[in-house]
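Subject: Structure for you to look at

Hello,

Here is the structure I said I would pass on. Please open it first, then read the notes below with it on the screen.

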Amino acid sequence: MAAKQVTERGLVMIDLASALLCCLSLSALLSSAEKLESSLTILKEVNLRGPYLGLITVYPPEEDAFFDTGAFKPHQKHPYVDLSGRRFRVGKMGKKKVIYVRCGVGMVNAAAATQQMLDMFDVIGVVHFGIAGSINNSMSIGDVTIPKQFAQAGLWDWLKPNATIPAGDFTELDFGAYSEPSGGYNQLGSIGYSTEQFFSKSGKPNTAQRKLWFHVSKNWLELAHTHLEGMVLEQCVNSSSCLTQRPKLVVGLSGATADIFLDNAAYGEFLYKTFHVSSVDMESVAVVMTSLSNGFPVIVIRGLSDQAGAQEGQNPIDLFGPLAASNAAKAVVQFVKAL
């Protein structure tokens with residue numbers, strides 16, 4: 001009899017726990033739905049005041065540099081809209097209406113934030129900006145690059161030693177070439193680089209084009225060339241930390257993107273010689289590709305924070321990253337004025 005009472009009491013406790021969990025889950029769902037409904041209501045009002053220029057950066061130091069310019073003025077009634085954990089800020093730069101978001105590091109974050117901006121807001125195009133590493137000896141820390149095109153350098157076929165790269169791969173990195181002695185056997189084998197699958201609204205549905213290069217919008221690139229080249233950039237982080245020469249802004253080089261923070265001189269040299277790119281970062285091609293896929297104009301502005309491993313000692317990104325971000329942000333302000 002006692003055992004039966006214990007069993008029944010246990011079943012009651014389980015039922016109560018299940019009911020409590022159900023109530024908590026329902027409460028969480030209702031709370032989430034209310035937040036979404038509130039965001040969508042604000043979103044509708046915001047879009048009635050559009051169109052906007054989309055601005056996308058990556059991580060806090062770049063955001064700080066952008067806000068430090070003082071050019072962004074938040075909307076008084078609706079300064080932001082929160083969607084899927086990201087805060088899309090609504091405001092103006094001069095007379096230009098803008099939507100700004102910090103996407104987060106890496107290509108998945110960059111593509112997701114870009115697609116959400118294009119889907120949810122009335123935007124005319126996207127300006128992506130931040131910092132990058134330099135792998136071109138003619139480009140220095142503090143310089144700003146506005147590339148004409150980007151390659152996705154992170155789609156790999158990693159092969160066993162002595163294997164032949166697939167026919168669709170366009171180049172190969174052979175680890176044996178970096179062995180000691182040179183050309184010796186290396187169990188890491190080699191990497192074949194694949195092209196990207198590109199879907200676009202102008203193409204045939206469900207049919208991808210194979211592409212290596214993704215070009216920013218030509219008219220925006222020409223605008224940058226006309227109005228930004230020659231602009232004065234900052235040379236000093238503070239009174240005791242200055243670059244040896246005044247940074248410059250260059251339009252029309254090429255860049256590469258992969259989900260890799262590059263701090264290795266040998267690999268940087270390989271990318272420079274093979275892809276003929278001057279800068280490397282972790283987001284740009286995702287923003288460009290997503291914008292082009294949806295038929296929107298796009299441009300990328302990156303300040304160079306380091307030499308991607310070619311420097312002696314520690315990577316100087318912590319010291320010069322804020323300066324590179326500041327120079328990129330100032331170029332963004334000038335570009336928006338010129339639009």
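**What was found**

Pro-51 sits in the loop that links α1 (2–48) to β1 (52–57). Please keep in mind throughout that this is a predicted model.

The overall counts are as follows. The protein has seven helices and 20 strands. It is 339 residues long, and 45% of those residues count as buried. Among contacts with a separation of 6 or more, 74% are between residues 24 or more positions apart.

**Backbone**

Most residues other than glycine have a negative phi, and most peptide bonds are trans.

- The peptide bond between Gly-50 and Pro-51 is cis, with omega at about 5 degrees.
- Asn-206 is not a glycine, yet its phi is positive, about 65 degrees. Asn-206 belongs to the loop between β12 (196–198) and β13 (209–211).
- Ala-308, also a residue other than glycine, has a positive phi near 55 degrees. Ala-308 is in the loop between β20 (298–306) and α7 (317–338).

Are Asn-206 and Ala-308 buried or exposed? Asn-206 has a relative accessible area of 75%, which is over the 50% cut-off, so Asn-206 is exposed. Ala-308 has a relative accessibility of 1%, which is under the 20% cut-off, so Ala-308 counts as buried.

Strands of a sheet pair through backbone hydrogen bonds, either parallel or antiparallel.

β9 pairs with β11 over four bridges, in the antiparallel sense, and Asp-157 stands opposite Gly-192 of β11. β10 also pairs with strand β11 (residues 190–193) over four bridges, again antiparallel. Here Thr-171 has Tyr-193 in β11 as its bridge partner.

Thr-171 is also part of an alternating pattern along β10 (residues 171–174). The side chains of Thr-171 and Leu-173 point to one face and are buried.

**Two helices in contact**

How do the axes of α3 and α6 cross? The axes of α3 (residues 107–120) and α6 (residues 284–293) come within 8 Å and cross at roughly 30 degrees. Angles under 35 degrees count as roughly parallel, so α3 is roughly parallel to α6. The crossing is right-handed.

On the α3 side, the residues in the contact are Met-107, Ala-110, Ala-111, Thr-114, Gln-115 and Leu-118. On the α6 side, they are Val-285, Ala-286, Val-287, Thr-290 and Ser-291. Seven of the residues in this contact are nonpolar, four are polar and none is charged.

Regards

Conventions: Residues numbered from 1 in each chain as written. Predicted model: local features only at pLDDT ≥ 70, side-chain atom pairs only at ≥ 80, totals over all residues. Heavy atoms only, no water. Buried < 20%, exposed > 50% of the residue type's maximum accessible area, 1.4 Å probe, protein only. Pairing = 2+ DSSP bridges. Axes fitted to C-alpha atoms, helices over the stretch in contact; angles between N-to-C directions. Parallel < 35°, antiparallel > 145°, perpendicular 65-115°, else oblique. Left-handed = near helix turned anticlockwise from the far one by under 90°. Contact = heavy atoms within 4.5 Å. Nonpolar A, V, L, I, M, F, W, Y, C, P; charged D, E, K, R; others polar.
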